[in-house]
Structure formats: C-alpha cells, structure tokens
Amino acid sequence: MPRFEPIGEPGAVRDNVVSALALDARGLIWAGSPEGLLRFDGYAFRRYPLSGPDGQLLPEQFVRALLPDPRGWIWVAAGNSGLVRMDVASGRWDRWARDGKSADDAAPAANTVRTLALEKDGTLWIGGSGGLDRFDVKTQRFTHHRGKEDGLPDTRVQTLLVDRQGTLWIGTWRGLARKPVDGPIEALDVGLSDQLITLLSEALDGRIIVGTAQGRLRALSAQGQPLPFSPGAQTGASSSVWPVMAMAQPDADEIWFGDASGLSRRRAADGVLIERLPATGAGAGTAPRSDVRALMRDPSGTVWAGSYGGGLMRHVPPLPGLSMVREAIGAVSGGLDVRSMLQLDNGEIWLGTLAGGIERRDRQLQPLGLIAPGTGGLPPGRVNALGQTKDGSVWVSIDTQLLRFDSQGRWKETLRSGNAVPRRFQATDDGALWIATLDGVMRWTPAKPVMRPIPTAGLVGGTGEVNAFAVMPDGSLWAGGAAGLLRIAKPDADDAVAEWVEAKGLTGQTVLGMAVDLAGRLWVDTGTGLHRLLDSDGRRARFEFVRASDVGGAFGANLMFDKQGRIWSQRNVYDPRSGERRELGAADGADLGTGWFRSYAKLDDGRMLFGGARGLLVIDPDRFAPWTYKPPLVVSELRVDGQERALPDGAPIVLAPGERGMSLAFASLDYSQPGRNRYRYRLEGLDAGWIDAGALGRSAAYTNLSPGHYVLHVQGSNRDGAWSPQELKIPVEVQAAWWQTRWALALALLALVLLVVVIVNGRTRLLLRHRRVLEARVQERTEALEAATAALTAKSLELEEASLTDPLTGLRNRRFLDRQMPADVALSVRHYEASPADTESEQDLLFFLIDIDHFKRINDAHGHMAGDAVLKQMRGRLEQVFRATDYLVRWGGEEFLIVARGTPRSRAAELAERARLAVAAMPFDLGAGLRVAQTCSVGFSAFPLCTRLPRAMDWHAAIDMADAALYDAKESGRNAWVGLLEAQADSENQLRQDIRKPLDLWAAGGRLTLQRS
C-alpha cells in the first residue's frame, strides 16, 4: 500500500489547502493555495501573493490553476480576478481582466478562469465561465470561442489539455471537444455529452484519460476514439459517486486518480480498480483523505498530492526489491509490530508480534491464520523469539516462558527459564535448541527436555545478555552479547561449555549481531560498527574494523548475507568486494519505524525479512537496485549586503563598488529525502578547494571580495550522497571603486615613491645636522643619561600598554574600558541634557556583546590551541566591521565587547548584521589544513537608552542590557542579533522597573524599541 507523508511544518500551507501543482523548467515545485502561489524547494515553502502590475495585492488570492511557462513565467487562474502572470526572476506581475472598459480582445471572455494550457509555440489557451480563449503572448490579444457555433459543446470550460502531439482537448460542463493542430474545434461523442468533464490527462502510452464530476472514466486514442477502460462509477450505482479531479501515473502498470474521497489505484491497461486509499486499519492516515485536487509525478518518480484538508503530501516509491507488509491479521491497535519471525521447514512463515500473538503467513506473506494471545495455549505478551527444532516443533518465547507448538499451531507444552528471558534461538543438527537469554546461554535437548544453563569458562563475572548465535564451518557454535564472544567447541556434547574468546581489534564490548559469509568468515556487529574475523585459535580471535556505514554506530545487528556476498541489515547494505556501502531509509522503502534487534529471518528463496514497529520489511536482494537519480541543482535565493536580489538569467552576479558581501542559497532537487542531500562549493579565484557544506548548509556567503572576476562552483548530491554531474557555475564580477583601478593604483604608487624619496632626503639632512649639533654640545655622560631615561620611558609605556591589552588577541581589556568610558559617557550625557528632544545623535554610544556560538565544541573537538586560533582571528573579523576609533574589548572567554563611539543608534542593526556576517561568511583556519565554520550571536544596546533621562542608567547598565539581548539572540536559535535601540519612560523609577522585565514584555508595553535579525 502506498504511504504518503505530509510536507511542511504545521501552518506552512494555509488551512492545508492545495488546489494545484506543477513543476517549472528548473524542477522547482509550485502549488496553488488560498493565499496565492507557493514555491517548494524540498526544504521550505515560499509564498508569492497574487499582485497586479502596480504591486497591489489582488482582492482574491485563491489559485484555481497554475501553469509554468518555459520562458520563466508562472500563469495563474486567479479566483474570479482574471488571468495573472508572474516573472519568476524579477517577481514582476502582469494581469489581464475584464473591467467593463477593456476592449473585447484585450481580456479573457470572463474573469472566472478555471484552467490553462500551453502550446509548444507559446500560445496560451484559457478556459472558464466565458468559454475558450486563445491568447497570443506576442501581440497581447485574445481570440474568443464562446459557444456551439465555435464547436464547443458548452460555453463553460472546466479543464484543458495539450497532448504531446499538440492536440488541444477541451472539457466542458456538458461533454468533450478536441482541436487538432491547425484544425477546427470538434465535439466528441464518447458517451459523456451529459457529463461535467473535470479531468483531462495523458497517460505514458499517449492515451487521453477523461474523468467527470459524476465519477465516470474514459480512455481515448489520440484521434478521440474510445479504448477499453473501466467506466468508473456506473449510472444508478448505490455506492457514493465522487468527481474525478486529478491523475498521475507512477509507472507503466498503474494509474492513480484523485477525487473527493481520496485516491484510487487502477490498472493502467484497463482501468480496473486495485484499491482505494486511504484504507481502514493500519494503512489509514497514510494517504490524502479527501478532496484530492492535484496529482503529479516528478522526474525521480516521487508522486505528489495536493488536497483540501491534507495540504501537500509526498509518496516516495521504494527501491526495487524493497517492500513493506503493514496490515496485521485481525484487529490490532497500532498495526503490525513484528518482534520475531521464523520460516518453518514447510515454507510457512510465522511472525511474532508485540501484542497480536503469532501470525501465520504463506510464502507470499499472505495471511493463513492467527494464534491469538490468550487462546490456544499462547499467553498474552510480546513474542520475543521463534525457532524450530529438527523434530518439527516450533518454539515460542514470551517473557520467561518457553512454549512448544507443532507446525499446525497447536500448543504442546510450556517450560520456564527461571528469570532468564529468552531472546534468540538456534537449532542444531542434533535436535537441540540453543537459547540466548538475558542471563547467558541455555540449551534444550530431546534427551533432557528442560532448559539448562551452559557454564562459561575464562570469564570473570556474569555472562549477561546474549544477542546472537553463529554456526561456524568447523561445527563450533559462537554466541555474542554483553560479555563479548563465547565459543562452544562441541555443541553436541553432553557437557558442553561456553569458553570466553579474547578478541583483539573488536571495538565495543557488546556484540549485537553475527553472521557467517559465503567463505566461512565470521562477521560481528557492535555498537561501533562492523568487524571481520581475521584468524582464531578458539581461545583468541583477531578482528579488523570494516567501515561499512557512513553514519557510524551499529550496522544494524540483524546481519544476513545474500548469494552475491553482500551483507544486509534493516539499516545498511555493504559489499565487501567493492567496498560500496549504502544506508537504507524510509525513502528507500525501509519504512519500518524502529527496526527491532533480533527480529529477522532469511527465507529459502533468498528474500530477507526484518521486523519493525511499523510492519515487516521484505528485501529481495536479487531485485535490489540503488537510487541513481541525478537531481538538478538550483539557486533559490541571492542576497547582496543582506538584501534579496533577482537571480540573473545567465548573466554574472555583479557587486558594485561599496557592496561588501553576497550569499546564495541553493537546493538539490531530490525531493525524496532532502535531509540527506549534501552540498559543497568553491569560489574559483579565492578558494583553493571545495568547502563541504554538509546536508544542512545550503548557502555560500562571501564578504570583502577584492575587485575581479570569479566563478562560484556549486555541487549537490542525491539522497545517497552521489554528487550530481549538473554542477552550477555562476560568474561573479566585483567592480572596483575608482581608487581601486589600475591607473589610480599606479598614480598612488608613483606618489608613494616620490614621497619616500623626499622623506629620506629630508630625514638624512636633518640627521646630519642634528648629529653635528649634538656632537658639539652634548657630552658622553648626558647622552648615556638620556638613553637610560628613554629606555625607562619606553618600558613604562610598554608596561602601561600591556596592562590595558588582552595578551591573546591584542584587543583591549576591561581595565582599559574602565579608564576610557567615563569621559565618553560624560560627553554623551551632556549632549542629551542640552538637547533632550534629539532621538539620536553622533554622540550616541553603542554597546555590542558578541559571543561565538558553540565555542566549547571547538575546544572539545580540536583542543584549546584551535580555540585560541579562532579567538585570534576574531580580531581581524571585528576590525573589518568597526572603526579604529571604536573600543574593541575581549570581555571574557569567547565574548567580545565593542563600544561604537559617536555612532548614531540607527546604524546599530547594520553593524550587528555585518558583525554576524563577518563571523559566519568564512571558515576559521585551525591550521594543518583544517577549517571550521562558526557563527556568532550579537546583543546590543544604545546609550543613553532613554534619551530624556540620560543619567538614569550608567554604562554598566547598558552592558547588562546588551547581555540580556545576547541571551535573547541565543535563545532564538543563535546566529542572530537582538538589540535595544531606545526606551521611553516618564521617570527614572519607571525606567528601573522596566529594566527588570523580560525584553519581549518590555517591548510589548510600547516603551522599548527592540530590533531582531
């Protein structure tokens, strides 16, 4: 059963209403909503309200239909407001609507437009309440077809389609018509003349599929001849009839239809119904439940559904060879939750569940029966393990009980294991059953039909939990668990003993899973990953770690090999021959929720079963094929100095003189699981190599670029991490200011050379004259005294400077601030006492507190030397933003205080954003080729905060306010800034009371101007 998942955060789509869907030429998804257009790049929605050419919003924002145009436009049927068009690159809108004054050929026949279609030559067809309109985009003229005299069965047009041959199909409120290329409109008699045509779509094989408001379906040839196909709802049928609104064809075998009740799957060949979605039971809620208005298949095969109430939903088809069984046998709350499984020697498959007993299924996993809990000798509880011994008995573990059934599901006996809970079974050729428990290994034999613990040799302390068994080619039985590895050399001996194995190279103490490959080598999974046995003498074993997963951690515990030698779990697949490794996720079809350890089995036909909280994962290794989709990569946003700018169409990005920075956001359009798409970029002419942005960093930012020509290279991957060959190459031109041009630099160099010559000559003459004077007038003793005095003075200045400077960064310290601030504060206070009406002045003082986000992670991951390197480089970043006359102070740890002197408070937000960008724009160099990207949070406060009461707060209180703003910025997610610009108060007492309030509460009272990034 196909599963759909909702897209976007709650509230991202207004009222969860999606009225239309389409892909543009770049591969971006566009959706119609009650609030205009929505663009989705796999990560977030962006809203485009419907507007007129003057920028005013249209009175109606509901999108009836939308149509991307390869020329870079989006055509929109805007409620009852006529036809509108948006230029995607510039955001400019155009509108054509009938207002009573417009000429007949200058607007659609009516403002109620319901459907749009585009010919290959760019001609636009428009259908609505006024009939059919042809719009010549070049001449901006409409041609109207209003009734039967023009070949239309009805004047009201509901849906349009231009097929791949160029034929225009027209669905009206009373039947169907078509217009061949260069031919007239002709009505078609296909038994639908009394039907409202609500759907026209083209199948993969070229058939035209027609749906009606009365639930009827037709398949027509390209010439309009009826073809064999299910008629859909029958006239006079007792069941409900739903208008057919949308269609998508996920593959050559099926066609999916959307209607007012949800989705229906039909055979593509003849339209016979396969199933309706959503179904009842475990599958309910996994598909749109009603009013499906749009269906679309993207190039990767993902099917999208837009509905009223369900918003936008996505179905990602599983990879070949992966499928899920979700429906439980019987009424089970929560669906199928498989905790153990077994294939019997007769081919039957038993599934032990969390609370639903034991399901019996055939080889095709179709239900055969159910051993329900509380009946047939099966107590209620979780079925932890299943196994079958040589005599045909089937063993079942529930809590501390071991139950024996026959192969027909009849209970025979119940044994108890004390307090040891059985977790996994291993049957051996001598008829014995080995039992892995929470407290060691136990065994049951036909000769001694009780559960007996197996003694352990060579191990200090208890055995603890045992998780897995493996039978080696030499006949020995290995067990793995909390104590590591145990080896039973002779499993068939009456006095069998489990001997602890000293394992070298096995990282992670607890063994989670084991398997033996086709060559007889033992593979072991621990909490740190997969390991392969190199050699063993029985008492000692030597292993090597195998990097079989990019994610790290356990490989999946449930290990099985296919006939090609690949090792599988519910999480990963790894080929030891090629080293190829792949993660298996929900988008691949492994959508089993939590995959339970020890819940797995290999069938006699090579298929593999894995149990999980959301059903049973079935893997057929012979049919498996990896995800090879190569997604397009698009730039979704361009900002220059923080301001959004239209994306240039093929032209370079130009930074004019004075523009300091740019940032680009991009998206790899593998919509199946965008969170796994990765990105990297480099600026040719600046970066020596690729900068890996990972899966979450979808932007590249640069500031303070030198004048010149650059090329920004961007690559994105699909969800498997395979880099797409569709690399973006974006030219960037940074224009030089006049003083950065070659002729200006040449003149400056020449002037500098002349100045140096003049200075050197003058200095030389001066020194010669001074030397003659000193030689004549100063004795040797006086010269020595002056030299000593000069040295002492220099040392004093050096010590004084050191006492005011931070030794690590070279920035000022708190002592410097204590000395300098009183004079600056007095100047600012005097100004506002003299001019209390001023709201801002160049006598303002701006206090900025800047904190490096997650700085401790650098020290923890790379050491304190790396942290010191970041702190030193912060000085250069801050000096790019602030002036030499400003005070730059290392406040403590990773915090920096900047006092912007004589700076109007209106520039505070600009300086805060530039400081944030200066930190985030370029990675910090930690040495040895290691670079790390960091962000910062900024809090700032103007002084005096209340200009009417300049003495109410001292500068220490201003720093406290900046610190409160910094805390607010960090609470809002970091990489942000928050600032206090101005406070209003009638008295000093009121201001002091306001200071104690949270910033948002203070601002909400209207007496604080608070700014955020």
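1. In this predicted model, the residues around the largest cavity divide by class into 5 nonpolar, 3 polar and 2 charged. The cavity itself has a volume of about 40 Å³. Its lining consists of Ala328, Ile329, Val332, Gly335, Leu336, Asp337, Thr353, Gly356, Glu359 and Leu370. Asp337 and Glu359 are the charged members of this lining, because Asp and Glu count as charged.

2. The number of cavities of 30 Å³ or more comes to 2.

3. Two strands deserve mention for the second largest cavity: strand 11 (124-128) and strand 12 (131-136) each contribute at least two residues to the lining. Strand 11 provides the largest share, with 3 residues.

4. Turning to the sheet, 4 strands are arranged in the order 2-3-4-5, forming an open sheet with antiparallel pairing. Strand 2 (20-23) and strand 5 (45-48) are the edge strands, each pairing on one side only. From one strand to the next, the twist averages 25 degrees.

5. Within this sheet, strand 3 (residues 29-33) and strand 4 (residues 36-40) run antiparallel and are joined by 5 bridges. Isoleucine 29 is placed opposite phenylalanine 40 of strand 4.

Methods:
Residues are numbered from 1 along each chain as its sequence is written. This is a predicted model: local features need pLDDT of at least 70, side-chain atom pairs count only at pLDDT 80 or more; totals for chains, interfaces and linings use all residues. Side-chain values use heavy atoms; hydrogens and water are left out. Two strands pair if DSSP finds at least two bridges between them. Axes are lines fitted to C-alpha atoms, for helices over the stretch in contact, and angles run from 0 to 180 degrees between N-to-C directions. On a 1 Å grid over the protein atoms alone, a cavity is a set of points where a 1.4 Å probe fits but cannot get out, and a pocket is an open set with protein on both sides within 12 Å along at least five of seven lines; lining residues have an atom within 4 Å of a point. Grid points are joined across faces, edges and corners, and a volume is the space filled by probe spheres set on the points.
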